[in-house]
Amino acid sequence: MNEKFGEIKQEIVDGIKGLQSSKAVYEFKKQFLDNKAGKIGLLMKEMKNIAPEERASFGKSVNDLKEWAQARFAELDETMKSLELERRYAEEKIDVTEPGAEEKSGNLHPITQMRNEIIDVFSGMGFEVVENKEIENDYYNFTALNTPKDHPARDMQDTFYLSPEYLLATQTSAAQIHTMEAKKPPIKILCPGKVFRSDDDATHSPMFHQMEGLVVDKKITLCDLKGMLDEFVQKIYGEGTTTRLRPSYFPFTEPSVEVDVSCFECGGKGCKLCKGTGWIEILGAGIVNRKVLANCGIDPDQYSGLAFGIGLERVTMLKYGINNIKLLFESDIKVLEQIDNN
Ligand code: DAH
């Protein structure tokens, strides 16, 4: 019997050496200490074959072996568990000082950013935003704006007609008529919108965005227009930028002006962007034609107005140095990522 005790002990001592985890310790321990099938437990069943006078000492020896084995396994289990914990700590270690992964968030489209910026500037001056219509009828888009059917100025815009009467808005200027029909002066509105023309090259797209401005009140003059536009270009292109008005022609304004902004690239000295002139053309504007006021039931002897139309693609391209309008429509992430004014 003593031999058997020795064998079991040796088996435990040898077996323990190869154990790598607390789970393996548990499984190995079961082979010896399991109540029913464990090798040490089974020794007790030998009791009946033992001479009665040796039974007490046999029982004690089995118990000693059991205690010894339990102690060995408990010790080993503890070491394994603490090793495992250390391993886990090492694996799951977090460097709280490490900078986090950069999170990329989406941007508003450059045109939307520009639209919001312009709305901000003019809201600050008391302008109210109104919606434009993408489908207009001929009267609002042209006739009421002093551009009757046979007017040569209709050729300035290549119109998409939907029917003899309806068309895709070629300009946001129709908002002037809708507004003046709906309310009486004082009027101060801004109308952002999509407009459509059959035109397509590096600086033109069949669909683009405009922002119409209209102010009607007593004694509105070109000075008011210049003051507002100066403030606008300073906010968009930076302090120190200014505007210059050049005579032009639009049927719905008289006088009409083309507005140039002083070159924000060279400060007016002359560079590639301004083609050496120090000025860049950005928008059309003027004093609302008396006929347009009269068409809307506003007395031109009492009231006067100013109007302007900003091409959003144009001002955006200038601001970010984009030379092809298609870049604003292709949604190339590499381009969009560079333009974030949010
Ligand atoms: N509607 C003009 C265009 O699309 C732009 C414009 C010019 C609007 C002068 C105006 C204005 O309100 O006064 O070319």
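Predicted model: local features only at pLDDT ≥ 70, side-chain atom pairs only at ≥ 80, totals over all residues.
**Briefing: a helix pair and an open sheet**

The axes of helix H1 (residues 2-17) and helix H4 (52-91) come within 11 Å and cross at roughly 5°. Residues are numbered from 1 along each chain as its sequence is written, and side-chain values use heavy atoms, with hydrogens and water left out.

**Terms for helices and strands**
- Helices (H or I, at least four residues) and strands (E, at least two) are DSSP runs, numbered from the N terminus.
- Axes are lines fitted to C-alpha atoms, for helices over the stretch in contact; angles run from 0 to 180 degrees between N-to-C directions.

**The H1–H4 contact**
- From H1, Phe5, Ile8, Lys9, Ile12, Val13 and Ile16 take part (contact means heavy atoms within 4.5 Å).
- Their counterparts in H4 include Phe58, Leu65, Trp68, Arg72 and Leu76.
- The contact residues divide into 12 nonpolar, 1 polar and 2 charged (Ala, Val, Leu, Ile, Met, Phe, Trp, Tyr, Cys and Pro count as nonpolar, Asp, Glu, Lys and Arg as charged, the others, Gly among them, as polar).

**The sheet**
- An open sheet of 7 strands has the order E1-E4-E5-E9-E8-E7-E6, with mixed pairing (two strands pair if DSSP finds at least two bridges between them).
- E1 (128-129) and E6 (243-250) stand at the edges with a single partner strand each, so one side of each has no neighbour in the sheet.
- E5 (residues 207-217) pairs with E9 (residues 304-311) in the antiparallel sense over 8 bridges. Gln210 stands opposite Gly311 in E9.
- E6 and E7 run antiparallel, joined by 7 bridges. They form a hairpin with 2 residues between them. Arg246 has Glu258 in E7 as its bridge partner.

**Helices on the sheet**
- Helix H8 (residues 222-237) packs on the sheet, touching E4, E5, E6, E7, E8 and E9. Its direction makes about 145° with that of E8.
- Helix H10 (residues 312-320) also packs on the sheet, touching E5, E8 and E9. The direction of H10 makes about 150° with that of E8.

**Gly106**
- Gly106 lies in the loop between H4 and helix H5 (110-123).
- Gly106 counts as exposed, at 68% relative accessibility (exposed is over 50% relative accessible area, buried under 20%, partly exposed in between; 1.4 Å probe, protein chains only).
- The C-alpha atoms of Gly106 and Val233 are separated by 27 Å. These residues are 127 apart along the chain.
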